[in-house]
Amino acid sequence: MYERVRGLLAAPPAEPDTSAGYLDLLGPSDEPAPTPAQRVMQSAFLPHIYERVWRPVGFNLAKGWPAGPDTAEENELARSWLALGRPADPRKPDATVLDVACGPGNVTRALAEGVGPGGLVVGLDASRTMLARAVAEPVPATVGYVRGNAVTLPFADDAFDAVCCFGGLYLFDDPWSALDHMTRVLKPGGRIAVLTSRRPNLPLLGTGTELAGRLTGLRVFGDRELAAALEDRGFRQIRHRRLPLMQFVGGRLG
């Protein structure tokens, strides 16, 4: 598996470190200084409650629970927008997929349900504690994890058929560089799907979420900001689904 992952890297290490169960590409000098929100994500406690408490409760409220999509619908949307198969499909594409800011691997595993046996889903995160949790779960044969910087992705140009970033872009110190790299590593015709924050078009609530974001290190994106950013980077067939405090945005490159 990790030989396949190494083949996607722009500069494969001569002696890859997979001792922790994932391919570690970050040395101490390569680790970006974390924001307050990133420190929470890198804590030892959060990975243990992330999938069952933190994400379903926090995300579902931000998505407009009970009217908004639940986790299962969110995963199905990711597979659909990335042109992957359904879990029950007898034949699925042997796609190469990147899950940026994969955390404990919840979305990574959901994406793996949409690729065939010749496919590959790579989950990338900078947090050791999140990746330790990811590899503690049963890892599908089509999944490999990498510890790396999402803002400057370590992969070669045109390496992936699809890129997903669900619940991570608002954490990055430079989300626009991250989008540049996601675009760079996609093949022509490749697809992207992003789930991130959204600033409501309501003066008081919008101002409140913007202020909270600045205090915590979370970026709150405007209603059209990401869709326009994808268009500027050459994406077409833009999809945009708005939720109360979050948004899905996707498109096809070229």
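## Close-up views of a predicted model

**View 1. The cysteine pair Cys 164 and Cys 165.** The sulfur of Cys 164 lies 7.2 Å from the closest cysteine sulfur, that of Cys 165, which is too far for a bond. With a disulfide taken as a pair of cysteine sulfur atoms within 2.5 Å, the count is 0 disulfides. Cys 164 has a relative accessible area of 0% and is buried; Cys 165 is likewise buried, at 0% relative accessibility. Here buried means under 20% relative accessible area, exposed over 50%, and partly exposed in between, using a 1.4 Å probe and protein chains only. The model is predicted: local features need pLDDT of at least 70, side-chain atom pairs count only at pLDDT 80 or more, and totals for chains, interfaces and linings use all residues. Residues are numbered from 1 along each chain as its sequence is written, and side-chain values use heavy atoms, with hydrogens and water left out.

**View 2. The largest nonpolar core around Leu 98.** A nonpolar core is a set of buried Ala, Val, Leu, Ile, Met, Phe, Trp, Tyr and Cys residues joined through side-chain atoms within 4.5 Å. The largest one holds 66 residues, and those touching the most other members are Leu 98, Val 100, Phe 155, Leu 169, Phe 172 and Met 182. Strand β5 (residues 160–166) gives the most to this core, 6 residues. Helices (H or I, at least four residues) and strands (E, at least two) are DSSP runs, numbered from the N terminus. Contact means heavy atoms within 4.5 Å. Beyond residues up to four places away in sequence, Leu 98 touches Val 122, Leu 124, Leu 153, Phe 155, Phe 160, Ala 162, Val 163, Cys 164 and Val 185.

View 3. The 8 strands follow the order β1-β4-β3-β2-β5-β6-β8-β7, with mixed pairing. Strands β1 (23–24) and β7 (235–242) stand at the edges with a single partner strand each, so one side of each has no neighbour in the sheet. Two strands pair if DSSP finds at least two bridges between them. Strands β2 (residues 96–100) and β3 (residues 120–125) run parallel and are joined by 5 bridges; Val 97 stands opposite Val 121 in β3.

**View 4. Strand β8 between its partners.** Strands β6 and β8 run antiparallel, joined by 7 bridges, and Thr 196 has Gln 247 of β8 as its bridge partner. The pairing of β7 with β8 is also antiparallel, over 6 bridges, with Arg 236 opposite Arg 252 in β8. A hairpin through 3 residues joins β7 to β8. Of the 8 residues of β8, 7 are buried, so the strand is largely enclosed by the rest of the structure.

**View 5. Helix α7 across the sheet.** Helix α7 (residues 175–184) lies across β2, β5, β6 (186–197), β7 and β8 (246–253), at about 150° to β6. Axes are lines fitted to C-alpha atoms, for helices over the stretch in contact, and angles run from 0 to 180 degrees between N-to-C directions. The buried residues of α7 are Pro 175, Ser 177, Ala 178, Leu 179, His 181, Met 182 and Thr 183. Their cover includes β2, β5, β6, α9 (225–232), β7 and β8.

**View 6. Phe 221 in its loop.** Phe 221 sits in the loop between α8 (203–216) and α9 and counts as buried at 0% relative accessibility. Its C-alpha atom is separated by 9.6 Å from that of Leu 169, 52 residues apart along the chain.
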